[in-house]
Amino acid sequence: MSTMTMPETDTRTETTDQTSDDRPEMFHYVQKDKIAESAVMGTFVVALCGEVFPVTKSPKPGSPVCPDCKEIFESLPPGGKD
């Protein structure tokens, strides 16, 4: 199963949902242009679902995605190929 992303959207971790081995329970959709800034500067990003957190990890194929973010993302109109 693959997840499509809009040019301005990507998935990143939420820091509040952690498993015992420090893996995030789910990933969220956030603005792609904010990911690097957050990872380097420690600034917070806002996910489509409204969750606010700093980017600390990258998703791997098959990683669980926040159901609220996924639902919002799927309701958005398709992005252009800019």
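**Reading the model, step by step**

Author: Let's start with Ser-38, which is buried because its relative accessible area is 1%. Buried means under 20% relative accessible area, exposed means over 50%, and partly exposed is in between (1.4 Å probe, protein chains only). Before we go on, this is a predicted model: local features need pLDDT of at least 70, side-chain atom pairs count only at pLDDT 80 or more, and totals for chains, interfaces and linings use all residues. Residues are numbered from 1 along each chain as its sequence is written, and side-chain values use heavy atoms, with hydrogens and water left out.

Reader: Okay. Where is the place of Ser-38, helix or strand?

Author: Helices (H or I, at least four residues) and strands (E, at least two) are DSSP runs, numbered from the N terminus. Ser-38 sits in helix α1.

Reader: What does Ser-38 touch, not counting residues up to four places away in sequence?

Author: Contact means heavy atoms within 4.5 Å. With residues up to four places away in sequence not counted, Ser-38 touches Thr-43, Val-45, Pro-54 and Val-55.

Reader: Which other residue lies in helix α1?

Author: Lys-32 lies there, and the helix covers residues 32-41. Lys-32 is partly exposed, as its relative accessible area is 39%. From C-alpha to C-alpha, Lys-32 and Val-45 are 10.0 Å apart in space, and they are 13 residues apart in sequence.

Reader: Let's zoom out. How many helices and strands are there in the protein chain?

Author: Two helices and four strands. Along the sequence the pattern reads β-β-α-β-β-α. Of the chain's 82 residues, 28% count as buried. As for contacts with a separation of 6 or more, 46% are between residues 24 or more positions apart.

Reader: Which residues make up the largest nonpolar core?

Author: The general idea first: a nonpolar core is a set of buried Ala, Val, Leu, Ile, Met, Phe, Trp, Tyr and Cys residues joined through side-chain atoms within 4.5 Å. Here the largest one has 11 residues in all: Met-26, Tyr-29, Val-30, Ile-35, Val-45, Ala-47, Phe-53, Val-55, Cys-66, Cys-69 and Phe-73. At least two residues of this core come from each of β2 (27-31) and α2 (67-75).

Reader: How many aromatic pairs does the count come to?

Author: Rings of Phe, Tyr and Trp (its six-membered ring) pair if their centres lie within 6.5 Å; planes under 30 degrees apart count as stacked, over 60 as edge-to-face and the rest as tilted. By this rule, the count is one aromatic pair. The ring centres of Tyr-29 and Phe-73 are 4.6 Å apart and the planes are at 5°, so the pair is stacked. The pair links distant parts of the chain, with Tyr-29 in strand β2 and Phe-73 in helix α2, 44 residues apart.

Reader: Are Tyr-29 and Phe-73 buried or exposed?

Author: Tyr-29 is buried, with 1% relative accessible area, and Phe-73 counts as buried at 10% relative accessibility.

Reader: And Cys-49, where does that lie?

Author: In the loop between β3 and β4 (52-54). Cys-49 counts as partly exposed because its relative accessibility is 29%. Leaving out residues up to four places away in sequence, Cys-49 touches His-28, Cys-66, Asp-68, Cys-69 and Ile-72. Cys-49 and Ile-72 are 23 residues apart in sequence, yet 7.3 Å apart in space, C-alpha to C-alpha.

Reader: What about the outside? Which residues form a nonpolar patch on the surface?

Author: Like charges are joined within 9 Å, and nonpolar side chains (Val, Leu, Ile, Met, Phe, Trp, Tyr) within 5 Å. Accessible areas come from the Shrake-Rupley method with a 1.4 Å probe; for residues, only the protein chains shown count as cover. Here Phe-44, Val-46 and Val-52 form such a patch, with about 300 Å² of accessible area together. Val-46, found in strand β3 (residues 44-46), counts as exposed at 52% relative accessibility.

Technical notes:
Patches are made of residues with over 30% relative accessible area and no salt bridge: like charges are joined within 9 Å, nonpolar side chains (Val, Leu, Ile, Met, Phe, Trp, Tyr) within 5 Å. A salt bridge is a side-chain nitrogen of Lys or Arg within 4 Å of a carboxyl oxygen of Asp or Glu.
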